[in-house]
Amino acid sequence: MQYREFGRTGWKVSEIGFGGWQLGGAWGDVDDDASIKTLLHAFERGINFVDTAELYGSGHSEEVIGRALRQWKGGKIYVATKVQPTVWPDPKDRNPQIRGRFPAWHLRENVDNSLKRLGVERIDLYQLHSWCPAGHVELDWLETLNDLRAQGKIDQIGISLRDNEPEEGVDAARLGLVASQQVIFNMFEQPARERLFPAAKETGTAIIARVPLDSGSLSGRWNADTYAGWKPGSQQHDMFKGERFAETLKRVEALKAEIGEGHGGLADVAMRYVLSHDAVSVIIPGMSSVRHVDMNIDCSDGRRLPEELIERLRSHTWVRNYYR
């Protein structure tokens, strides 16, 4: 396992982190004992960063992670979670206000709830789930979170950018407003590298890259029959409904042709693509089995993609918003 600096925090985190959305059940039925086994195996293999949220299963993901942490007897595991706003911004609104969406009572209540579910005394990284572009000037949320830091309930503050909106984090990165920003970044969703990554590097803002496998499309396991096997109402069934699945599969095949031979399987290349950008501190693929853990950790060997291939992949940029 390779480790990276987590921005200016002084933390050394595994470049492969553990994304905890699937532990809440949104991606299909889950067995909590199997999830804990997977988490503990990840910790044994050197993963020391886990990301979750209040939203994931209405706190269930946090509870499962909390159970695993109580069983873990090894070194430090950095735990990041998120608080959702009182009202989610409309994904079609390009300039939603953030003031009032994270009131003091809401933040304090949810920090306490997350502490209980996780079973920890302090949350290492507390993130606003759904950042808005005016957040660097509408700062009521920051007053409360700084007070919670002073109380010892949270350590660092982060933000999680809205899907497909990396530009909304640029001003906050330039100001060094928070310790970290979480953003979608993969071989399809590439725009974060243009302005957000350089701004983050200037101020030592850590970047958490989510969905490196594009919610499964870059896993290399999709075929024409995959969609029919998904449980109706599950996250992936809703995200890739209608013509989206067929369009995605067509673009995946084009990616494979572009990559060619000699670079490994599609999932391996997808992971290495994200890791090849030095602004990224940690990537957080979802893992639901010991096998998934081992496959992802195999990508943490220091080998990066050739710059020539990374540049060729620019032509495959494809920005979507599943929630519109």
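Tutor: Helices here are DSSP runs of H or I, at least four residues long, numbered from the N terminus, and their axes are lines fitted to C-alpha atoms over the stretch in contact, with angles from 0 to 180 degrees between N-to-C directions. One caution: this is a predicted model, where local features need pLDDT of at least 70 and side-chain atom pairs count only at pLDDT 80 or more, while totals for chains, interfaces and linings use all residues. Residues are numbered from 1 along each chain as its sequence is written, and side-chain values use heavy atoms, leaving out hydrogens and water.

Student: Got it. At what angle do the axes of α1 and α10 cross?

Tutor: Roughly 25°, and the axes of α1 (residues 32-44) and α10 (residues 290-297) come within 9 Å. That makes the two helices roughly parallel, given the scale: under 35 degrees is roughly parallel, over 145 roughly antiparallel, 65 to 115 roughly perpendicular, and the rest oblique.

Student: Is the crossing of α1 and α10 left-handed or right-handed?

Tutor: Ask how the near helix is turned from the far one: anticlockwise by less than a right angle is left-handed, clockwise is right-handed. Here α1 passes α10 in a right-handed crossing. Contact means heavy atoms within 4.5 Å, and on that basis K37, T38, H41 and A42 of α1 meet V290, V293 and D294 of α10. That contact has 3 nonpolar, 2 polar and 2 charged residues, with Ala, Val, Leu, Ile, Met, Phe, Trp, Tyr, Cys and Pro taken as nonpolar, Asp, Glu, Lys and Arg as charged, and the others, Gly among them, as polar.

Student: How do α1 and α2 pack?

Tutor: Their axes are 9 Å apart, at an angle of about 55°, so α1 and α2 are oblique to each other. This crossing is right-handed. From α1, the contact takes in D32, D33, S35, I36, L39, L40 and F43; from α2, H60, V64, I65, R67, A68, L69 and Q71. By class, that's 8 nonpolar, 3 polar and 3 charged.

Student: And which angle do α2 and α3 make?

Tutor: About 45°, with the axes of α2 (residues 60-71) and α3 (residues 104-118) 7 Å apart, which means α2 is oblique to α3. E62, E63, I65, G66, L69 and R70 of α2 touch S114, R117 and L118 of α3. Sort those residues and you get 3 nonpolar, 2 polar and 4 charged.

Student: What volume does the second largest pocket have?

Tutor: About 170 Å³. Its lining includes L69, W72, K73, R122 and D124, and splits into 5 nonpolar, 2 polar and 4 charged residues.

Technical notes:
1 Å grid on protein atoms, 1.4 Å probe; cavity = no way out; pocket = protein on both sides within 12 Å on 5 of 7 lines; lining within 4 Å. Points joined across faces, edges and corners; volume = space filled by probe spheres on them.
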